[in-house]
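We'll take a walk through it, stopping at a handful of side chains along the way.

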Amino acid sequence: RRCGWRRRCSLLRAAATMEWQGDEAKATQLCQLFNLASSPDNNVQQQVMSMLNQFSSLPDFNLYLVTVFAKMQGQSEVVRQRAGLLLKTNLGRSSSMQPQVAEYIQAHVLGAVRDPSKVIRHTAGTVITTMVNRTGIAACRKTLDKLAECLSDGNAEVVEGSFNALNKICEDGVFLLKQCWDELPEYTAPFVSWCTEALLPRVFEYASPSAPVHARQNAIECLNHFALNYIFSDNTYQAFKPFCAKYVEVLGLLAQDTDIEVLRNVCKGFVCVIENSWECKNVQMCEVVLQYMLKASRHQEYSVRLEALEVWTPCTNSPMMLQLVRPMLPELVPVLLANMVYSQADYMTMEQAQVDDDNAAVPDQLEDIKPRFHKEQGDDGDDEDGGGHSGGGAWGAEWTARKAAASSLDNMARAFQYDILQVVLPLIQQKLEDQSWEVQESGVLALGAIAFGCMESLVQFLPRVMELLLKLCEAPKPLLRSISCWCASRFSQWICHEQNPNREQVLRSVLQALLKRVLDKNKRVQEAACSAFATLEEEARIQLVPYLNDIVQTLVQAFQFYQAKNLLILYDATGTLADAVGCELDKPQYVQALLTPLAAKFDAVADNDRSIIALFECLSQLAQNLGRAFLPIVPRVVQRCVRLVGEGVQAAQRWLQNPNEYEKPDREVMAASIDLLSGIVEGLTESVGQVLAQHNFIIIVPDVLKDKALQVKQSAFALVGDCAKHCIDYLVPFLPDILPLCAQALRANTSATVSNNASWAIGETCVKVGAEFMAPYMDDILGALVSILMRQKQKVPQHVLMQNVCITLGRLGLVGGPAVGKAFPEFAQIWCEVMTTARNDGEKVLAFQGLVNMIKANPQGCMNCVPQLAGAMCSLSQPPLTPQLQHSFHEVLQSYKQNLGPNWSV
């Protein structure tokens, strides 16, 4: 939608506020209804709602509400607040408002900002904010100016109420400024001018140590709305730039404040300045800031430490900041480790299930399970506490000082490597030897945090480290067992590395420990162990084959008693196992053992259960790797996927036609269903014809490709490519509809992944159906592919997309050289430049064979870019360069040398 600051009503008239006399009896009745709203009796509640609905039909209902809220001070606070909140709701829903009515409401609500009740003052702020959002800054300018003037009032309550309202308005306003980043200045000018001329100068007056504490709190909070959202530092809104240096000065003035809220916001501000490299930042200032933040990182107040710790990770992204941090490491590292011990705040955000000794049989609550989203290719989650595989991880969803410190140490280890190891290793050893399990646990967390950055330097210690970790996996405390599983998985690269002399022995020991903990009696230990096992699988891959019996047996046992949340991770670990060992899993005993519980889960899970996404991803990975062994459950899987996709298409059409009447369909389930069909095609290869003969699911593809959701399109084009590769005869009848949709998606290029898959689908199709079949669609497809290359030249290029498009053009040239040769001059040079850096593989060879065909069809196409052509040819090494293709290159270059004559050397 357009920017929210567009002027939507005329300026307030200069006339005095309109007079309105309501019915006193109606106002009294309204107060009675708000009083009755507190009744626990459902019948009374329904009567109240019915009467309020009748009141809402009055044309001046909002005026009654503002009267009760702002003028009837004899009523209770609850009654007045309810009137104000209902007024806010009504204003938010109103499509238009007469200027006189808006003026009347603003005038009286502004009076409520001076109310003795804090609740009423804050409610007034929300009403004014809603008015601004609905009618625009220009229409509310008088009210906003008066609010800003109220900051100079001698009454502290008035200043507090005004600040509260202004903070809400600024928060919404800054959000809209960011939305309007590329809009014309006229859309944002009213808000920008009000802020810079009327508001910010007064706010800066209160951002001073001499101001009352409530004023300092509100002032720095207000300024942070602008600073933390780049309004002061970015060049988009030049009117704010003069406030940049003044803001940094304010941070310095308030840095020694004694109020916790002020200090929290000061730390937030300093983090913003460091992270975003403000122009006013220099070495001297940064030294002072970092010393201050080091001190704040060990502040006695937890909330201050939490904000201060955020500064250290951004420091690792700047060479200048790294130089400043390096000499601070002996002081900084102990502070980080001290913050990694569990605090009261950690325990307060933790589920009881994380510390219970035995809760494996306790069902998960629905609110404990974070919604599952379909995993796109390339997704890779891994947070410092090992919770990347599921909502919240094994240590809670809240961001804490502990996690901030661990993340900082991780990034510092990657930046300083050996230099930090000398400081941190003795401290970790000291913690691991401590009598307190909580201190030991923080040492394990620190060890895992430095794993990636210091792996090479740690190699000599890792045998002893791993021995200690596996011992701690048996610790009495669930949280210590959990962190030890996670930490062990962080060293998966060393465990599985070919240069590890004890690789087989270490892998066996780690696997045994993790598999035992996968069946732990504590659910959060299960979660950590299963995630750690999935991480190890990705690194070990074929090395897992000797242990498949134990692994499969453990997974099957876990399927029997895992609760809903951990089932998601178990699905991930099972699918990852299939990808890791491939066809080695295709043994009758393994197939039967795994498919039995998975088929039961498939039959039991409801269509609207979000865990169906993780289950379908798991089944897709199994289908790809088990091949024909997956056939027994294919019919019911295909039938359900087709039904879910078909219902999703219909639901999407209904929602698009009438979004107010129908719910938006769940596209994630649609995408997962399509990907599962792709997995079946990829796994069964040519045998998929047996399935299609009974249930031709390709029939749904044309309609799915018309869906507006990008994740659905991405999956659908991938399915087209897989079908072209393995069952082209069944795809051919639908290609007259599908190929134009491929070209359409390429022209739109709304998503790189969608365009990649559309391009790949075209390439796989053309080599199977041939030039004659492709002829009617060739011009449209070529135009779409070339348009992507041309657009990419004008912006930051997406290299993978460009290479895929060039490979597809090469495949088209391989199939229909003369047809593609006509368009060849349009893209010859950029094709050569892109393919020069492409990976040397079979696809590149086929693309260059197509290039040769295009040149033979239209030799003039490359006449202006012979150097680029020669460079591209030289980039293809042998192998995979074949003698035949090398001979073709020789012929092409000899031909150009003859044609260019004396210009060849130039």
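This is a predicted model: local features need pLDDT of at least 70, side-chain atom pairs count only at pLDDT 80 or more; totals for chains, interfaces and linings use all residues.

An unreviewed UniProt entry places the feature "domain: Importin subunit beta-1/Transportin-1-like TPR repeats" at residues 503-693. In the model that span is 77% helix and 0% strand, and its end C-alpha atoms lie 48 Å apart.

Now look inside. Nonpolar side chains tend to be buried together in soluble globular proteins. Here the largest nonpolar core has 318 residues, and the ones with the most contacts inside it are Phe226, Trp312, Leu585, Phe697 and Phe827. Helix α39, covering residues 752-793, gives the most to this core, with 16 residues. Which residues does Phe827 touch once its neighbours within four places in sequence are left aside? They are Val786, Leu789, Leu809, Val820 and Met854.

Searching the whole structure turns up 20 aromatic pairs. In one of them, the rings of Phe226 and Phe240 have their centres 5.6 Å apart and their planes at 35°. Why call this pair tilted? Planes under 30 degrees apart would count as stacked and planes over 60 as edge-to-face, so 35° lands in the tilted class. Phe226 sits in helix α10 (residues 213-227), while Phe240 is in the loop between α10 and α11 (243-254).

For another geometry, go to Phe561 and Tyr562. Their rings are 5.8 Å apart centre to centre, with 75° between the planes, and the pair is edge-to-face. Are these two buried or partly exposed? Phe561 is partly exposed at 28% relative accessibility, whereas Tyr562 is buried at 5%. Since buried means under 20% relative accessible area, the two fall on either side of that line.

Back around Phe226, ring pairs build up a cluster: Phe204, Phe226, Phe232, Tyr237, Phe240, Phe243, Tyr247 and Trp278 are linked this way. The charged end of Arg490 sits over the ring of Phe452, 4.0 Å from its centre. Likewise, Arg654 has its charged end over the ring of Tyr662, 5.7 Å from the centre.

That brings us to charges meeting charges. Side chains of opposite charge can pair when their charged atoms come close. The structure holds 33 salt bridges. One of them joins Arg264 to Glu261, with the closest N and O atoms 3.1 Å apart. These two are three residues apart in helix α12 (residues 260-275), so about one helical turn separates them. Arg264 is buried, with a relative accessible area of 17%, but Glu261 is partly exposed at 36%.

Some bridges share partners: Glu474, Arg481, Lys516, Arg517 and Asp520 are joined into one network. Within that group, the side chains of Asp520 and Arg517 meet at 2.6 Å, N to O, and both residues are buried.

Last stop: the backbone. Most residues other than glycine have a negative phi. Tyr230 is not a glycine, yet it has a positive phi of about 70°. Tyr230 lies in the loop between α10 and α11, and at 34% relative accessibility it counts as partly exposed. Where is Ser277, which has a positive phi of about 50°? Ser277 is found in the loop between α12 and α13 (283-296), and this residue is partly exposed, with a relative accessible area of 45%.

Conventions: Residues are numbered from 1 along each chain as its sequence is written. Side-chain values use heavy atoms; hydrogens and water are left out. UniProt positions are given in the numbering used here, feature names are shortened, and annotations may be inferred rather than shown by experiment. Helices (H or I, at least four residues) and strands (E, at least two) are DSSP runs, numbered from the N terminus. Rings of Phe, Tyr and Trp (its six-membered ring) pair if their centres lie within 6.5 Å; planes under 30 degrees apart count as stacked, over 60 as edge-to-face and the rest as tilted. Buried means under 20% relative accessible area, exposed over 50%, partly exposed in between (1.4 Å probe, protein chains only). A charge sits over a ring if NZ of Lys or CZ of Arg is within 6 Å of the ring centre and within 35 degrees of the ring normal. A salt bridge is a side-chain nitrogen of Lys or Arg within 4 Å of a carboxyl oxygen of Asp or Glu. A nonpolar core is a set of buried Ala, Val, Leu, Ile, Met, Phe, Trp, Tyr and Cys residues joined through side-chain atoms within 4.5 Å. Contact means heavy atoms within 4.5 Å.
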